[in-house]
Amino acid sequence: MTSRDILSRLVGFDTVSSKSNLALIDWVRDYLEQQGIRSDLIHDETGTKAHLWATVGPECDGGIVLSGHTDVVPVDGQSWSSDPFTLTEREGKLFGRGTADMKGFIAVALNAVERFKAASLDRPVHLAFSYDEEIGCIGVPSLLEAIRRRGIRPAACIVGEPTMMKLVIGHKGILCAHGHVRGFECHSSTAPEGVNAVQYAARIIDFVRLECERRYREGPFDHRFIPSTTTLHVGTVQGGTAFNIVPRDCRFDLEIRHLPTEDPHRILQSVERHCRDVLEPEMRAVAPDTGITLSVFCDTPGFVADPGSDIAVLLRRITGDNDSAVVAYTTEAGHFSRDGYPTIVCGPGSMAQGHKPDEFIEVSQLAAGDRFMEALAGALGRVSPPRPLP
Ligand SMILES: [Zn+2]
């Protein structure tokens, strides 16, 4: 099997985040078993999704984690030229959902297992394939917990999101919270006797806007990022039932996209303080049973890697890329990095094609991914595998 054959199989499994990924995971497990590699599955609480963890080489500290997510974003409402779940080649490009983001990386990693075995590694290569990345990286914490429980300590992690095989050493983090304003309903003709949940939500939303604008003017700045500050905004609002009823409930979603060096929880606390110290006393003076809650539903850490770390030096040598890029999207690198693993994002394909209709990976990028894995096997193993690439 080639990387392309493997990619074709992987794309054939519809692993949109809302669905089970078990059919794909079972296929990967069988594939690895045929090569004598045992996999461990870590299921979610519903039993319909699983991470896969497998080790090539010795079970010991050190070595590298190759991290990829198995889920993909939906195709609903997108106009595709061919079936998104059938790998289709046109003009040197392989089309299909997840080809770039990021089944292409999983394919080259699986294809390299034979090479890793032939290299008689003295340090392990771990495969860590997760679920629920595309809905806020909410799956990977339980995978990291499982790694901790095994009592081994990998030396570094490569997250294979599509970077055109360039090194990405940083991205912002995201903290999101559901907001709920609980007001007091009454006839709109006596509006001052009620507590208007929509209007109090509007005041929180304006507080968030002002905080975002203040940061935009005053910082803190990190000019590697565009924009160079942490940003805050409210992306959704629902509230009220009729024009002539003072609304009881209003719900909204607040997002904080933060520089890796900033603690987003402290920013959220400043919003909470405004609610507690300014808004809630006013609300409760009218009706005591009112209030505001903010509950976090997504906490994806940002990350900045040390450009001089061993893994960064090794990947520069392999890829020839001497830049230190940062990107606008988030990845599981934030979680690996927060757990203390030196982490670099580097993988085949381009995120410019990710999440779009007619997503593709260039055939040449898949080949670049194969060469990368071959060089990695050579760098980690005692013997460089002699087999030339097809
Ligand atoms: Zn991705």
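**Close-up 1. Helix α3 of this predicted model holds M102.** The model is predicted, not experimental. Helix α3 covers residues 99-111, and M102 lies within that span. The peptide bond between D101 and M102 is cis. Its omega is about -10 degrees. Helix α3 also lies across two strands, β5 and β18. Relative to β18, the helix runs at about 55 degrees.

Close-up 2. P227 sits in a loop. That loop connects α6 (197-218) with β11 (231-239).

**Close-up 3. Strands β4, β5 and β18 form an open sheet.** The sheet has three strands in the order β4-β5-β18. Their pairing is antiparallel. The edge positions belong to β4 (88-90) and β18 (360-362). Each of these edge strands has a single partner strand, so one side of each lacks a neighbour in the sheet. On average, neighbouring strands here are turned by 30 degrees against each other, direction ignored. Strands of a sheet pair through backbone hydrogen bonds, either parallel or antiparallel. Between β4 and β5 (residues 93-95), three bridges make the antiparallel pairing. Within this pair, T88 is placed opposite F95 of β5.

**Close-up 4. Helix α10 lies across β4, β5 and β18.** This helix spans residues 363-380. It runs at about 65 degrees to β18. Helix α3 lies across β5 and β18 as well. The angle between α3 and β18 is about 55 degrees.

**Close-up 5. Helices α1 and α10 cross at roughly 110 degrees.** Their axes come within 10 Å. The range for roughly perpendicular is 65 to 115 degrees, and α1 and α10 are therefore roughly perpendicular to each other. The crossing is right-handed. From α1, the contact uses S3, R4 and L7. From α10, V363, L366 and D370 take part. By class, three residues of this contact are nonpolar, one is polar and two are charged.

**Close-up 6. Helices α1 and α2 cross at roughly 150 degrees.** Helix α1 covers residues 3-12 and helix α2 covers residues 22-34. The two axes come within 9 Å. Angles over 145 degrees count as roughly antiparallel, so α1 is roughly antiparallel to α2. This crossing is right-handed. On the α1 side, I6, R9 and L10 make the contact. They meet L24, W27, V28 and Y31 of α2. Six residues of the contact are nonpolar and one is charged, with no polar residues.

**Close-up 7. Strand β3 is buried along its length.** The strand runs over residues 64-69. Six of its six residues are buried, so the rest of the structure largely encloses it. In a regular strand the side chains alternate between the two faces of the sheet. I64, L66 and G68 point one way from β3. V65, S67 and H69 point the other way. Both sets are buried.

**Close-up 8. Strand β3 pairs with β6 and with β7.** Six bridges connect β3 to β6 (residues 125-130), and this pairing is parallel. Four bridges connect β3 to β7 (residues 156-159). These two strands also run parallel. V65 has a bridge partner in β6, namely H126. In β7, V65 stands opposite C157. V65 itself is buried.

**Close-up 9. D132 has a positive phi in a buried loop position.** Phi of D132 is near 60 degrees. The residue is not a glycine. It lies in the loop between β6 and α5 (140-150). Relative accessibility is 9% for D132, so this residue counts as buried.

**Close-up 10. M164 has a positive phi in a partly exposed loop position.** Its phi is about 60 degrees, although M164 is not a glycine. The loop that holds M164 lies between β7 and β8 (168-171). The relative accessible area of M164 is 36%, which makes M164 partly exposed.

Notes:
Residues numbered from 1 in each chain as written. Predicted model: local features only at pLDDT ≥ 70, side-chain atom pairs only at ≥ 80, totals over all residues. Heavy atoms only, no water. Axes fitted to C-alpha atoms, helices over the stretch in contact; angles between N-to-C directions. Parallel < 35°, antiparallel > 145°, perpendicular 65-115°, else oblique. Left-handed = near helix turned anticlockwise from the far one by under 90°. Contact = heavy atoms within 4.5 Å. Nonpolar A, V, L, I, M, F, W, Y, C, P; charged D, E, K, R; others polar. Buried < 20%, exposed > 50% of the residue type's maximum accessible area, 1.4 Å probe, protein only. Pairing = 2+ DSSP bridges.
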